[in-house]
Amino acid sequence: MSAPTIAADVAQGAAGDRRGAGCCSLSGQSKTGVISDPAVRGSLIWIPGGNFLMGSNSFYREERPVRPAHVDAFWIDVYPVTNADFRQFVDATEYVTYSERPPNPAMYPDADPDLLVPGSLVFRKPDCPVNLRNNLAWWEYRPGADWRHPQGPESSLHGRDDHPVVHVAYEDALAYAAWADKDLPTEAEWEFAARGGLEGKAYPWGDASNPDGRFMANTWQGHFPYENSADDGYEGTSPVDAFPANGYGLFDMVGNVWEWTSSPFLAAPHQHGAAPNQPQQSCCHSSAGDDRSVRRVVKGGSHLCAPNYCLRYRPSARQGETVDSSTCHIGFRCVVRKSPGN
C-alpha cells in the first residue's frame, strides 16, 4: 500500500549544529537520568516505564491496531552502537560478523555459487525512475561489504567512528549485547523510549515531519530511490548525534538506521496474545540447524526512508527482518533491565 501523506512545512535546508540539543520540553514528564557506569559500557538513560498506547491506525497495516501496552523501567543507550563501539568489542573478542563469514551452501541451495562469498546487502542508487515493486532495482549483494567496509571492499570507516555500525545481523547484535552485559530491547521497550513521553504523535517530536522547516532526523529527501537531494545534510548515514534528541534525551530513535529488537515479527502484532513488554528469548544464534526464515522486528526507519515509498521513520513503524539479514541501513542499540540502585 502507498504511504499516507502528512502535511509539513517546506524544508529550508540542513540545520546547523544540533548536537546535544533536545527537541522538546515535556512538562510533567517522568524524570530520566544519564549515567556513565564503568560496569555498563557507554552512557545510558533511565526510562521510567509505564502504560502507553502502542502502534498506529494511521499508517501501515502492520502497525495496527493501537493497543494498550506496558513496559517496566529500564536503561537504554543514548545512541545507536557506533563503529567505534563495535570496534572495541571486536578488538576485545576477535569476533567475526555474519557478513564476514562465507555463507553455508546447504542453507542457500538455490543461490548463485558466485554469491556464496562473504558480503552483505548494499544500496545502489538507480540513475532513473524504477518500478517500486522491484527492490532488486536498488539492492545488491556486494562481496566484501561488511561493518568495516560499508560500501564494499574499497570503502572504509575513515571519518565514520561516530556513525552507527551497519552490516550487523541479529546474531551480531546479540553477541555485542552479551559482551557489554546488556540486552536488545523488546519492540515495546524500544517504541516507548522512542516516543519520548509523547502520546499518539506521528514522530518523536510531534505530528509535523519538519517542524518550522527543521530536519529532525536523517531521512531521504526527493524521489526514492533515484533522487536524493540530501537537504538534511546527509545522503548516507550520519553521526549519531547529528540531529536533536527526543524528550527522553535519546538520539537517532528514528531515521539514520533501522534498529534490531528482540521481538519476533508478527504481521498482526496483537495475534496470539503477545505480551509486548516481555523480553524474548534468543532462539537464533548461529548454528547449522538454525531456521534463517525467522524474523525479528526492526524499528525506526533509516536514511533510505522516503514519504513516496517508506514513511517509516516513526516510533510505531515496524518491519520484520530475517535473522541473517545484514545491510547498510540496519544497526542496533542496547538496554539494561536493572534498577538505578543496581
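1. At roughly what angle do the axes of helix H1 and helix H2 cross, and within what distance do they come? In this predicted model, the axes of H1 (residues 83–93) and H2 (residues 170–179) come within 11 Å and cross at roughly 75 degrees, where axes are lines fitted to C-alpha atoms, for helices over the stretch in contact, and angles run from 0 to 180 degrees between N-to-C directions. H1 and H2 are therefore roughly perpendicular to each other, a word that covers 65 to 115 degrees. Helices here are DSSP runs of H or I with at least four residues, and strands are runs of E with at least two, numbered from the N terminus.

2. The contact (heavy atoms within 4.5 Å) brings Asp-85, Phe-86, Gln-88, Phe-89, Ala-92 and Thr-93 of H1 against Asp-172, Ala-175, Tyr-176 and Trp-179 of H2. By class, the contact of H1 with H2 has six nonpolar, two polar and two charged residues, with Ala, Val, Leu, Ile, Met, Phe, Trp, Tyr, Cys and Pro counted as nonpolar, Asp, Glu, Lys and Arg as charged, and the others, Gly among them, as polar.

3. Helix H3 (residues 187–195) is mostly covered, with nine of its nine residues buried, that is, under 20% relative accessible area with a 1.4 Å probe and protein chains only. Among these buried residues are Glu-187, Glu-189, Trp-190 and Arg-195. Just after H3, Gly-196 takes a positive phi of about 65 degrees.

4. An open sheet of four strands has the order S10-S9-S8-S11, with mixed pairing, two strands being paired if DSSP finds at least two bridges between them. Because S10 (318–322) and S11 (330–331) stand at the edges with a single partner strand each, one side of each is left without a neighbour in the sheet. Strand S9 (residues 295–299) runs antiparallel to S10 and is joined to S10 by five bridges, and Val-297 stands opposite Gly-320 in S10.

5. Strand S6 (residues 119–123) has four of its five residues buried. Five bridges join S6 to the antiparallel strand S7 (residues 139–143), where Pro-143 is the bridge partner of Gly-119.

6. The protein chain averages a pLDDT (the predictor's confidence in each residue, from 0 to 100) of 84, and 79% of the residues score at least 70. The value stays under 50 over residues 1–31 and over residues 272–290. Where pLDDT is low, the predicted coordinates should not be read in detail.

7. Residues are numbered from 1 along each chain as its sequence is written, and side-chain values use heavy atoms, leaving out hydrogens and water. For this predicted model, local features need pLDDT of at least 70 and side-chain atom pairs count only at pLDDT 80 or more, while totals for chains, interfaces and linings use all residues.

Key: Buried means under 20% relative accessible area, exposed over 50%, partly exposed in between (1.4 Å probe, protein chains only). Angles under 35 degrees count as roughly parallel, over 145 as roughly antiparallel, 65 to 115 as roughly perpendicular and the rest as oblique.
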